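The points below may be read alongside the sequence and the model.

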Amino acid sequence: LGVALGFLLPPILVPNTPEDLDLMANNISILFYGTAAIATLLFILVVAVFKDKPPLPPSHSQAMLLDNPDEYSYKQSIVNLFKSVPFVLLLLSYGILTGSYYSVGTLLNQMIIAHYEGQELNAGRIGLTLVVSGMVGSILSGFWVDRTKTYKQTTLAVYIISFIGMLVFTFTLDLGHIEVVFVTAGVLGFFMTGYLPLGFEFGVEITYPESEGTSSGLLNASAQLFGIVFTLAQGKLKADYNAFTGNIFLCSWIFVGIILTVFIKTDLRRQQANLAANAQLAERDSLERVSTSQSELHAPEETTI
């Protein structure tokens with residue numbers, strides 16, 4: 001939601017006024033001071049309200065860490081993750097797609113203005129559409145994978161559709177119909193952002209019992225690294241050639257990400273651990289019911305006087 005507002009508000013608060021640079025500078029100051037005030041308020045709320053940890057562990061792996069705090073090593077956890085070939089493949093593929101999304105979001109305004117001069121407000125609205133549709137995609141994809149447990153299949157399907165969406169966005173950007181860009185950006189955001197929770201959940205599944213924080217942190221670092229590289233490279237290609245060339249560059253890398261995703265071995269360790277834990281609980285409950293029944297059967301009958 002914050003990113004969506006970041007696309008929407010700046011063009012409104014800082015309109016393009018090249019004839020009055022003093023007004024533009026004043027509007028930029030208002031935008032920056034407002035952002036600083038909100039960030040400061042959020043910082044105070046985090047310090048005052050956020051707890052150190054939840055009252056109950058959110059997962060089996062976290063429960064294991066709490067039971068054996070001395071056995072956990074952050075350094076060893078990272079080493080274990082990098083020894084896992086499926087996780088390394090996911091690390092690269094996640095970074096590629098998410099980094100491409102970051103690059104598109106960063107350069108979106110420039111791409112829109114290059115083809116639709118004077119459409120700064122619509123450029124912000126297209127960014128808003130990209131992010132809001134992505135919020136819906138994240139919710140739906142998370143709900144779907146939680147119900148079906150089809151982590152690799154869903155991840156691969158979303159990856160392929162994102163690739164197709166990026167191709168459609170690339171070839172329709174310069175058609176001269178900005179309403180088409182709204183639609184293609186919405187579809188692109190729906191699937192690209194929808195991939196984010198899938199990647200985190202898939203990473204946790206194939207790296208159990210390693211800490212979710214470690215695997216998620218590495219995935220996020222990979223996304224940031226690829227995002228920086230892709231933004232610089234796409235921006236350079238756009239400046240030297242055009243937006244089409246920069247977008248084709250991203251499409252090529254997303255295709256590489258699809259190939260990497262295909263080779264990720266599906267080993268749902270967390271799901272297997274949950275099933276084993278549930279089976280043990282069911283067996284224990286069954287034994288307790290049998291023991292209770294036998295005790296009641298052999299209990300002496302009370303006599304009445």
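1. Valine 136 is located in helix H6, which covers residues 120–148; helices here are DSSP runs of H or I with at least four residues, strands are runs of E with at least two, and both are numbered from the N terminus. Valine 136 counts as partly exposed because its relative accessibility is 40% (buried is under 20% relative accessible area, exposed over 50% and partly exposed in between, with a 1.4 Å probe and protein chains only). Between valine 136 and threonine 193 the C-alpha to C-alpha distance is 8.8 Å, although 57 residues separate them in sequence.

2. The model is predicted: local features need pLDDT of at least 70 and side-chain atom pairs count only at pLDDT 80 or more, while totals for chains, interfaces and linings use all residues. Residues are numbered from 1 along each chain as its sequence is written, and side-chain values use heavy atoms, with hydrogens and water left out.

3. The secondary structure of the protein consists of eleven helices and zero strands. Of the 305 residues in the protein, 36% are buried. Among contacts (heavy atoms within 4.5 Å) between residues at least 6 apart in sequence, 79% join residues at least 24 apart.

4. Helix H1 (residues 2–13) and H6 have axes that come within 8 Å and cross at roughly 170 degrees; axes are lines fitted to C-alpha atoms, for helices over the stretch in contact, and angles run from 0 to 180 degrees between N-to-C directions. H1 is therefore roughly antiparallel to H6 (over 145 degrees; under 35 is roughly parallel, 65 to 115 roughly perpendicular and the rest oblique). Residues in this contact include Phe7 and Leu8 of H1 and Leu128 and Val131 of H6. By class, the contact of H1 with H6 has ten nonpolar, two polar and two charged residues (nonpolar: Ala, Val, Leu, Ile, Met, Phe, Trp, Tyr, Cys and Pro; charged: Asp, Glu, Lys and Arg; polar: the others, Gly among them).

5. The axes of helix H4 (residues 74–83) and helix H5 (residues 85–115) come within 5 Å and cross at roughly 85 degrees, so H4 is roughly perpendicular to H5. Leu81, Phe82 and Lys83 of H4 meet Val85, Phe87, Val88 and Leu91 of H5. This contact of H4 with H5 comprises six nonpolar residues, no polar and one charged.

6. Where is the kink in H5 centred? The kink, of about 55 degrees, is centred on leucine 107; the bend at a residue is the angle between axes fitted to the seven residues ending there and the seven starting there.
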